[in-house]
Amino acid sequence: MRVLVTGNQGRIGRYVQAQLEAENHIVVGFDRAAGDDIRQPAALRAAAQGCDAIIHMAAMLADPKDDPNDVMHVNLQGTWHVLTTAEALDIRRVVCFSSVNALGIFIGESLPDYLPINEEHPCRPGRPYALSKFLGEEMCRLFTRRTNITTICLRPPWVCFPENYARVRQRWAEKPESEWSPIWEYGAFCDVRDVAAAAVLGLTCADPGHARLLLCADDVMTSGRTSRELAAQIHPDVAWRGREEYESEPFRALVDNSQAKAVLGWQPRYSWQAQE
Ligand SMILES: NC(=O)c1ccc[n+]([C@@H]2O[C@H](COP(=O)([O-])OP(=O)(O)OC[C@H]3O[C@@H](n4cnc5c(N)ncnc54)[C@H](O)[C@@H]3O)[C@@H](O)[C@H]2O)c1
């Protein structure tokens, strides 16, 4: 497959590109670091000529130093240009990077209604980045409804790079409360290699129409407490909906990844417990 990859020079993008190339796909990169701009539709369309699919990662992230107008401009108009390019060139599949932030219960926005979190949890993002990700998903949903072009929105939590495992453990050893203070992100993470694998599977999996999929490792980031203990200690007032699986798998993730597994045929390979 020939795949247009926006944001291919970013931190995750480099892994996605490597995974695509390892599977003998051809990558057409599109990144501001190479002088491209997702806000320019004609340039995007020129790059996408002859492509069979698009993986869209180019975005501005949740950096409080960024101008919210720029975040909205790049993230929403960027997604719009990707979708209109797909339609104009009859590219039938788009894998879009959203984020768990679309839910509005990460980066300290609000507490969840319940734990563990799944795709049914209501979305109530308020901050620019989170809102841009949620509205990008909605744009994809309505685009698929009209065009029948497949849009798969991936919602990773904190993406963990190989070098991060030891760093986080070191930080927790020096300052134990940093595990949950100032913000506890439900111990959710996904290894960048698993994120890249999910994105590439999105190109060839059975057509789900439009899908929004939480990507998460199978287990929780923890210095030792089980998932249930963490939830009870940090958010005692949040309703607990975990069932008996948390008895047999006490470190099971608090973000449900079962839909991603079912839709993509994906299985995360990297776990917190195994990365000693
Ligand atoms: N890193 C995480 O923990 C995480 C978690 C959830 C979702 N995501 C999403 O994954 C995607 C990739 O994130 P990342 O961590 O690799 O970020 P990154 O900042 O490393 O990469 C983003 C890339 O987009 C490019 N870009 C930015 N503005 C552009 C523009 N106007 N035109 C063209 N290219 C532009 C940048 O040059 C950069 O290479 C993003 O959509 C992000 O929202 C990341």
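The structure holds 1 cavity of 30 Å³ or more, where a cavity is a set of points, on a 1 Å grid over the protein atoms alone, at which a 1.4 Å probe fits but cannot get out. This is a predicted model, in which local features need pLDDT of at least 70 and side-chain atom pairs count only at pLDDT 80 or more, while totals for chains, interfaces and linings use all residues. Residues are numbered from 1 along each chain as its sequence is written, and side-chain values use heavy atoms, with hydrogens and water left out.

The largest cavity has a volume of about 130 Å³, a volume being the space filled by probe spheres set on the grid points, which are joined across faces, edges and corners. Its lining, made up of residues with an atom within 4 Å of a point, has 15 residues, and those closest to the centre are His-56, Thr-79, Cys-96, Phe-97 and Lys-133. Helix 3 (68-88), strand 4 and helix 4 each supply at least two residues of this lining, and helix 4 gives the most, with 5 residues; here helices (H or I, at least four residues) and strands (E, at least two) are DSSP runs numbered from the N terminus. By class, the lining of the largest cavity has 7 nonpolar, 6 polar and 2 charged residues, with Ala, Val, Leu, Ile, Met, Phe, Trp, Tyr, Cys and Pro counted as nonpolar, Asp, Glu, Lys and Arg as charged, and the others, Gly among them, as polar.

From the cavity we turn to the pockets, a pocket being an open set of points with protein on both sides within 12 Å along at least five of seven lines. The largest pocket holds about 1,300 Å³ of space, and of the 48 residues that line it, Arg-11, Leu-61, Tyr-129, Trp-158 and Val-159 lie nearest its centre. Helix 1 (11-22), helix 4 (128-147), strand 7 (158-160) and helix 5 (164-174) are the elements that give two or more residues to this lining, which divides into 28 nonpolar, 9 polar and 11 charged residues.

The space taken by the ligand is this largest pocket, given that a molecule sits in a pocket if more than half of its atoms lie within 2 Å of the pocket's grid points. Around the ligand are 25 residues, of which Arg-11, Ile-12, Asp-31, Met-57 and Tyr-129 come nearest; a residue belongs to this shell if one of its heavy atoms lies within 4 Å of the ligand. The shell divides into 14 nonpolar, 5 polar and 6 charged residues.

An oxygen atom of the ligand is 2.6 Å from an N or O atom in the side chain of Asp-31, one is 3.0 Å from an N or O atom in the side chain of Lys-133, and one is 3.1 Å from a polar backbone atom of Gly-10. Lys-133 is also among the residues closest to the centre of the largest cavity.

The second largest pocket has a volume of about 330 Å³. Of the 18 residues that line this second pocket, the closest to its centre are Pro-116, Glu-245, Tyr-246, Arg-252 and Asp-256, and the elements that give two or more residues to the lining are helix 8 (245-248) and helix 9 (258-264). The classes in this lining are 6 nonpolar, 4 polar and 8 charged residues.

Pro-116 leads on to the backbone. Most residues other than glycine have a negative phi, and most peptide bonds are trans. The peptide bond from Leu-115 to Pro-116, however, is cis, with omega near -10°, and Pro-116 lies in the loop between strand 5 (114-115) and helix 4. The bond from Ser-181 to Pro-182 is also cis, with omega near 10°, and Pro-182 is placed in the loop between helix 5 and strand 8 (189-191). Ile-107, in the loop between strand 4 (93-97) and strand 5, has a positive phi, near 40°.

How values were computed
Polar contact = N/O pair within 3.5 Å; in protein donor to acceptor, adjacent residues only side chain to side chain.
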